[in-house]
Amino acid sequence: MKKILITGANSYVGTSFKKWVSQHPDKYSIDTISLRDEQWRENSFEGYDVVFHTVGIAHVDANPDPKMESLYYKVNRDLTIEVAQKAKNDGVAQFVFMSSIIVYGDSGYISKPRIIDKNTVPIPANFYGNSKLQAEEGIKFLETNHFKIAIIRPPMIYGKGSKGNYPKLAKVARTFPIFPNIENQRSMLHIDNLCEFIQLMIDNEESGLFFPQNSEYVKTSEMVKLIAEAHGRKIELTKVFNPILQAMGRKIGIVNKVFGNLVYDQRLSDYKDNYRVRDLRDSIIATEK
């Protein structure tokens, strides 16, 4: 039996993963710990096989508030390194860290492809991405033959109860009769696919850098159409707004976050075991039901 400690008692990924593996009580023992106060430093991690670190500040605007910069580095970088060091000192065998595709910077402009492959060098566009990248670099130095580190750089995660852009788009799909039809591609990752992937990381005692994503790229307008259909609605896709949105995308970051391009080369996301338990249509239905 694997004994797993999840940092972030109320995190979306952490609570989803705990629920996912609770289907196998004979294989996994799960505990959670909050890092919001100083008490966690007094607790021992001894006896745990894995620490799954999900704590972090995310979902910044395209132009994040500079006043928040020190907090991002304190939580996303410094706290991550401290938790990993404690896990190593207390004899934990594996540390799994949730990083982000954001280490590669922002989405490409509308109609401009942006494909991340094995040769793409991370260049964060803001201190959110930079704090995640520096956390990765800080914990890599702790790895040994007896302390394995798996770093996960997921694209946008979505699912029932998720935050970020997905619920905003879902609200549009449930409300408006039309939506812009722009040709774009996004890498996305349904929460069930992520949970299955993390489970495999733990089962196989992996270390290294990983890029899980759905098997299909997502076109924003098609996703909105699928969401509408899940609610028994029809939504008309139109290109009439495309010139306006393309012009706005050059100046307004949120437009590119919704309609821009940002994908992982699918070869980066291949794994020896199948973790894609839901395709796009199935994942939308599971999220919206």
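1. How many of the five residues of E4 are buried? In this predicted model, five of the five are buried, and strand E4 is mostly covered. Gln94, Val96 and Met98 point one way from the strand, while Phe95 and Phe97 point the other way. Residues on both faces of E4 are buried.

2. E4 belongs to an open sheet of six strands, ordered E2-E1-E3-E4-E6-E10 and paired in parallel. The edges are taken by strand E2 (28-33) and strand E10 (208-210). Each of these has a single partner strand, so one side of each is left without a neighbour in the sheet. From one strand to the next, the twist averages 20 degrees. As background, strands of a sheet pair through backbone hydrogen bonds, either parallel or antiparallel.

3. The pairings around E4 can be followed residue by residue. E3 and E4 run parallel and are joined by four bridges; His53 has Phe97 of E4 as its bridge partner. E4 also pairs in the parallel sense with strand E6 (residues 148-152), here over five bridges. Phe97 stands opposite Ile151 in E6.

4. Leu5 has a bridge partner in each neighbour: Val51 in E3 and Asp31 in E2. Five of the six residues of E1 are buried, so E1 is largely enclosed by the rest of the structure.

5. Helix H2 (residues 69-89) lies across E1, E3 and strand E4 (94-98). The angle between H2 and E4 is about 165 degrees.

6. The second largest pocket has a volume of about 350 Å³. Its lining consists of 14 residues, and those nearest the centre are Ser16, Lys19, Lys160, Ile191 and Asp192. Two or more lining residues come from each of helix H1 (12-21), helix H5 (191-203) and helix H9 (280-288). H1 gives the most, with five residues. By class, the lining has five nonpolar, four polar and five charged residues.

7. Ser16, one of the residues nearest the centre of that pocket, lies in helix H1. Is Ser16 buried or exposed? Its relative accessible area is 17%, and buried means under 20%, so Ser16 counts as buried. Leaving aside residues up to four places away in sequence, Ser16 touches Ile191 and Cys195. Ile191 is also among the residues nearest the centre of the pocket.

8. The structure holds one cavity of 30 Å³ or more. The space in the largest cavity comes to about 100 Å³. Its lining includes Met156, Asn165, Leu169, Arg186, Met188 and Lys257. Helix H4 (165-175), helix H6 (220-230) and helix H8 (253-259) are the elements that give two or more residues to this lining. The lining residues divide into six nonpolar, three polar and two charged.

9. Gly161 is found in the loop between strand E7 (156-158) and H4. With a relative accessible area of 60%, Gly161 is exposed, because the cut-off for that class is over 50%. The C-alpha atoms of Gly161 and Ala247 are separated by 33 Å, and the two residues are 86 apart along the chain.

10. Two loop residues have backbone angles to check. Ser111, in the loop between E4 and strand E5 (115-116), has a positive phi of about 70 degrees although it is not a glycine. Glu205, in the loop between H5 and E10, has a phi near 50 degrees, again a positive value in a residue other than glycine. Glu205 is partly exposed, with a relative accessible area of 41%.

Terms used:
Residues are numbered from 1 along each chain as its sequence is written. This is a predicted model: local features need pLDDT of at least 70, side-chain atom pairs count only at pLDDT 80 or more; totals for chains, interfaces and linings use all residues. Side-chain values use heavy atoms; hydrogens and water are left out. Two strands pair if DSSP finds at least two bridges between them. Axes are lines fitted to C-alpha atoms, for helices over the stretch in contact, and angles run from 0 to 180 degrees between N-to-C directions. Contact means heavy atoms within 4.5 Å. On a 1 Å grid over the protein atoms alone, a cavity is a set of points where a 1.4 Å probe fits but cannot get out, and a pocket is an open set with protein on both sides within 12 Å along at least five of seven lines; lining residues have an atom within 4 Å of a point. Grid points are joined across faces, edges and corners, and a volume is the space filled by probe spheres set on the points. Ala, Val, Leu, Ile, Met, Phe, Trp, Tyr, Cys and Pro count as nonpolar, Asp, Glu, Lys and Arg as charged, and the others, Gly among them, as polar. Buried means under 20% relative accessible area, exposed over 50%, partly exposed in between (1.4 Å probe, protein chains only).
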